Amino acid sequence: MADVEQTASVPDGSSNGSDAVNGTAARFVSSAEGTALAYGSLLLMALLPIFFGALRSVGCSKSKSPSDMPETITSRDAARFPIIASCTLFGLYLFFKIFSQEYINLLLSMYFFVLGILALSHTMSPFMYRVFPANLPNKQYQLLFTQGSGDSKEEIVNYEFDTKDLICLCVSSVVGVWYVLKKHWVANNLFGLAFALNGVELLHLNNVSTGCILLGGLFVYDVFWVFGTNVMVTVAKSFEAPIKLVFPQDLLEKGLDASNFAMLGLGDIVIPGIFIALLLRFDVSLKKNTRTYFYTSFLAYIFGLGLTIFVMHTFKHAQPALLYLVPACIGFPVLVALLKGELTEMFSYESSDEVLPHTPRLTHFPTVSGSPASLANSMQSFGPSSPRRRRHTPSDMYEESSPEEASSKEEITESDKDK
C-alpha cells in the first residue's frame, strides 16, 4: 500500500522523495495553485474507481457465469495478506538493492503492458457496448490453443471475443505502447485507474468482519513500512509500473511535460474501495431503497484522504494513507449502524454464498476461457485457485437430487412431522 507523497524530478531525470520546497535551487518549486490542482486531481481520480467499481461490483456479484465470478476474500485470506504483502515488499526492496533497477523495471513493464491492456479493455467494454453503432455487424471470434490430441486433448486458451471487444483491445494497445515507450504520466494514470476499478469490482470481501481484519492488518503494515523503515518509499520511487496515480504540481507552468509529481498508491484506493463496495452490496440486501452505508463510507474516504493530504503538506513528509483511511472508513459506517440499530445485521451479512478453499495460490497456470472481461478477471485476481466450494443448504441438496430422491425426502419429512 504505497503512501501519499510528493516527488520532485531533478535535471538528470532521477527522482527524489523530498518535497520541492526543501529542494535545491535547480529544482522547480511548485506554486500554491499547482499544488492545490495536483492534490484535488489525485482526490478525484481516487474517487472515480471506487464509485464506479462499487456500482459494477453489485452486478458482478449477481453473475451466473463461472468465468465472470468475482474473487472472494475470506477471513483467512485477509489475515495472511499483510504478511504476504510485507514479504513481497521487502523482496522487491532487496531486488532493487542487489540487481540493476533498469532490467527489473523492463521486465515489469512488459508484464504490466499485457495486464494493463486487458484491464483497460475490461474497463472500456460497458461504454463501448453503448456507443457501438447498431447498424455495424458485431462478428464473433474465438482464439483456441490446445495441448495433445484425441481424448487427451486439453484446452490451454479458449478466448472468445467480438468486434466490440476487438476495438477495446486495439485502443488499449495504443495506450500500452505509449506507456512502454514514453512512460508518460497520463498513460500511467489510465492503466492505474483501470487496475483500481477492476480491483474494486472483482475483489469481494465475504463479510464486514473480514473487511475489518484486512483493513486493520494493512493499517499496521502501512504505518510500519512508512514510518519504521525507508522500504516503502524506496520501492515506490524505484518501481516504474502503473501501481500508483500521479499528477504534476507544475502542470500550470510546464504543461504535459511537467515532472514534479504528487502520487497516491493504488493500494490506498483498492483496499478501502472493496470495503466500500461491500457496504453498497449490504445496502442493496436491506431492500430499503437507500444507500446509507455506501454514502457514509464514501464520505468517510473523502475525509480520510483529505486529512492525509493536509498532514503530508503540513509536515512535508510522506504519509501512510491507511493510517487515516482505515479508522474513517470503518468507524463512520459502524457508528451509523449503531445509531440505527443495525449493527448486528451489518456484521451478520454475507456478501456471497461462495467459499474459497484455503489452498495456496499460484500453484498452476489456469485454463483461460471466455470474454476479455473474464480474461482480465483471471489475470487480476490473487492467482489461480481450485474450484470454489459452495456452502450447501437443504434446498441445494434437493436441487442436486433426482426427482425420485427429492420426493422420497419430502415423504420422510412429512412422516416426521406427523410423528
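This is a predicted model: local features need pLDDT of at least 70, side-chain atom pairs count only at pLDDT 80 or more; totals for chains, interfaces and linings use all residues.
## Helix α10 and its end

Helices here are DSSP runs of H or I with at least four residues, numbered from the N terminus. Just after α10, Lys 316 takes a positive phi of about 55°.

The helix itself covers residues 292-315. At 1.5 Å a residue, its 24 residues should span 34 Å, and the 35 Å between its end C-alpha atoms agrees with that.

Next, look at helix α11, residues 322-340, where you will find Ala 337. Buried means under 20% relative accessible area. Ala 337 has a value of 0%, so it is buried.

Leaving out residues up to four places away in sequence, Ala 337 touches Tyr 293, Glu 342, Leu 343 and Met 346. Phe 347 is ten residues from Ala 337 in sequence, and their C-alpha atoms are 9.8 Å apart.

Helix α5 runs through residues 185-202. Its 18 residues should span 26 Å at 1.5 Å a residue, and its end C-alpha atoms, 25 Å apart, agree. This helix is mostly covered, with 15 of its 18 residues buried.

In helix α6, residues 208-228, you can pick out Thr 210. Its relative accessibility is 1%, so Thr 210 counts as buried. Apart from neighbours within four places in sequence, Thr 210 is in contact with Ile 73, Thr 74, Ser 75, Ala 78 and Leu 205.

Strands β4 (residues 140-147) and β5 (residues 154-162) run antiparallel and are joined by eight bridges.

## Aromatic rings

The model has 20 aromatic pairs. In one of them, the ring centres of Trp 185 and Phe 247 are 5.4 Å apart. Their planes meet at 70°, so the pair is edge-to-face. This pair links distant parts of the chain, with Trp 185 in helix α5 and Phe 247 in strand β7, 62 residues apart. Both Trp 185 and Phe 247 are buried. Phe 224 and Trp 225 also form an edge-to-face pair, 4.9 Å centre to centre with 75° between the planes. Phe 224 is partly exposed at 46% relative accessibility, whereas Trp 225 is buried at 10%.

Ring pairs also link Phe 96, Tyr 111, Phe 112, Tyr 179, Phe 191, Phe 195 and Phe 239 into a cluster. Over the ring of Tyr 179 sits the charged end of Lys 183, 5.1 Å from the ring centre.

Conventions
Residues are numbered from 1 along each chain as its sequence is written. Side-chain values use heavy atoms; hydrogens and water are left out. Helices (H or I, at least four residues) and strands (E, at least two) are DSSP runs, numbered from the N terminus. The expected span of a helix is 1.5 Å times one less than its number of residues. Buried means under 20% relative accessible area, exposed over 50%, partly exposed in between (1.4 Å probe, protein chains only). Contact means heavy atoms within 4.5 Å. Two strands pair if DSSP finds at least two bridges between them. Rings of Phe, Tyr and Trp (its six-membered ring) pair if their centres lie within 6.5 Å; planes under 30 degrees apart count as stacked, over 60 as edge-to-face and the rest as tilted. A charge sits over a ring if NZ of Lys or CZ of Arg is within 6 Å of the ring centre and within 35 degrees of the ring normal.
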